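Reader: I'd like to learn how to read charged pairs and greasy cores in a structure. Can you walk me through it?

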Amino acid sequence: MSTDLYGVRVLALEPERRRVTFKVFVVYYDTHAKTCPPLPDEPGFFLHVLWQQGRWEHPLGEAITVDQIRNEEWVNIHSRWFIENIERTSTANYPPQDEDFERLYDFSYERPGGWKDEELLVQADYDVQVTDPRWLEQLSVGDAWGTAAYPMAADDVRCEEAAYVPDLRDAVTLMPFEGRSEEAGTPGGLAFSDDGRYLAVASDEDGLVIYNTDDWAEHADVDGVRTGLFPQLTWVPGEHVVALTGFRGDGQWAYDVAARASVDVPRQPGKARSRTGRYRVDYGEGYWLDAFVSDSGRAEDVVPVGADDPEFTVESAAFTADESRLFVAGMDSNIHVLDSSTVSIVDTIADVGERVIGLAVSPDGAFVAATVDTNRYYEPSEHELCVWRIADHKIVTRRRGGIYGGPLAWSPDGRWLAANVTTGFDGCGGETRIFPIGLPADPPAGLFG
């Protein structure tokens, strides 16, 4: 039985531009279940493909050992030092329709230079740019081979943006409600103060812990919280005061961090607000936005201009620091970007996962992080934290971990990304993970030999 998942052919080669053009075929199908591996679009796959041809007596084989290329985590971290950019330029027979599987074989074996009935196979052309022309030395136009390489989860970060991308492999783990049971021990609400000095974490029932972000020391484990199940959490704009309201917006309880005491403050409506509080949104009860509050007043049951699906349910929302954009996501596979002033859709990041659970946007709006339900072809379904570059909708970094994803928060000062993760199989219990912003801009010393 063939172990190949894909076939690869070199269509064009430009070493002086550090570029190769590949045609990639999907050569494995489950024709009974009508499924097949996805088209690959990430650096780890193409590093494997290049290494496979350059393993013996070529620079790439000398730079990467067998143990390293077989270590998926090593490949995920280091691919970006070898693969600079990937662009899919064309596709054919994708996605395959049910009738297509009637003409396909479960396995298409490589023959010299090609595959049987390759015009029927799912396929795509890619322009791949590498970091050094040496990595292309082993290739010639017309080369073709089968590969068991598969799409991985490699970082796809440009050097100039590395300082602004979260390091999802270097988390500070907080246990705000350790030792408490069921909803009382489960992190729920999550928000940074407007100056980024504090992080507030609310449990799903009557719990509130405040952390100092300079050293992640616990500032206060607040007593006397009485908001019931699944409270909404927000900071009063411009103040070190946390407000908790009931699940359906009933009642409000506020805490002054400096005074370490509960206080009375004006009602803080909405599940999400912009930096100054100019815009506020409620969601989750009906379709799209249950309420949108702006300088023009309060509008209810708002469907954004340009929405394709009027019955979309929002589960998370976040504004950019300049308040010009509102990101929303929820019970479908897309992240939608709205113009706050017109409540119209200006961009959509499509097909991010089966469902988006948590959402946070970088202060400058260049990146969006989301917790998504994923079901990769070769792995069981599990939540995954991903970060997309808004400019081209590409994932720049991603990380799996935990049973259920939860809320996310990006600090307004751009230093941290926080994520609540539920770890219990019963949907209770969990932790808060803090990821520093910033990845290395230069490769590790000695990486290239």
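This is a predicted model: local features need pLDDT of at least 70, side-chain atom pairs count only at pLDDT 80 or more; totals for chains, interfaces and linings use all residues.

Reader: How many salt bridges does a search of the whole structure find?

Author: The general idea is that side chains of opposite charge can pair when their charged atoms come close. In this model, the search turns up 23 salt bridges. Take R169 and E73: their side chains meet at 2.8 Å, N to O.

Reader: Where in the chain do those two sit?

Author: R169 is in the loop between β7 and β8, while E73 belongs to helix α4, so the bridge links distant parts of the chain, 96 residues apart.

Reader: Are they buried or exposed, or something in between?

Author: For that you need the cut-offs: buried is under 20% relative accessible area, exposed is over 50%, and partly exposed is in between. R169 has 23%, so R169 counts as partly exposed. E73, at 28%, is partly exposed too.

Reader: Which other residue forms a salt bridge with R169?

Author: D155 does, with the closest N and O atoms 2.9 Å apart. Both R169 and D155 lie in the loop between β7 and β8, 14 residues apart. D155 has a relative accessible area of 2%, so D155 is buried. Put together, E73, D155, R169 and R399 are linked in a network of salt bridges.

Reader: Now the greasy part. Which residues have the most contacts inside the largest nonpolar core?

Author: First the idea: in soluble globular proteins, nonpolar side chains tend to be buried together. Here the largest nonpolar core has 46 residues, and F22, F46, I64, F82 and I83 have the most contacts inside it. Elements giving two or more residues to this core include β1, β2, α1 and β3. The largest share, 6 residues, comes from α1.

Reader: What does F82 touch?

Author: Leaving out residues up to four places away in sequence, its contacts include L47, I64, W74, W135 and F448. There's also a second, separate core of 17 residues, with L168, A369, L417 and F435 among them.

How values were computed: Residues are numbered from 1 along each chain as its sequence is written. Side-chain values use heavy atoms; hydrogens and water are left out. A nonpolar core is a set of buried Ala, Val, Leu, Ile, Met, Phe, Trp, Tyr and Cys residues joined through side-chain atoms within 4.5 Å. Buried means under 20% relative accessible area, exposed over 50%, partly exposed in between (1.4 Å probe, protein chains only). Helices (H or I, at least four residues) and strands (E, at least two) are DSSP runs, numbered from the N terminus. Contact means heavy atoms within 4.5 Å. A salt bridge is a side-chain nitrogen of Lys or Arg within 4 Å of a carboxyl oxygen of Asp or Glu.
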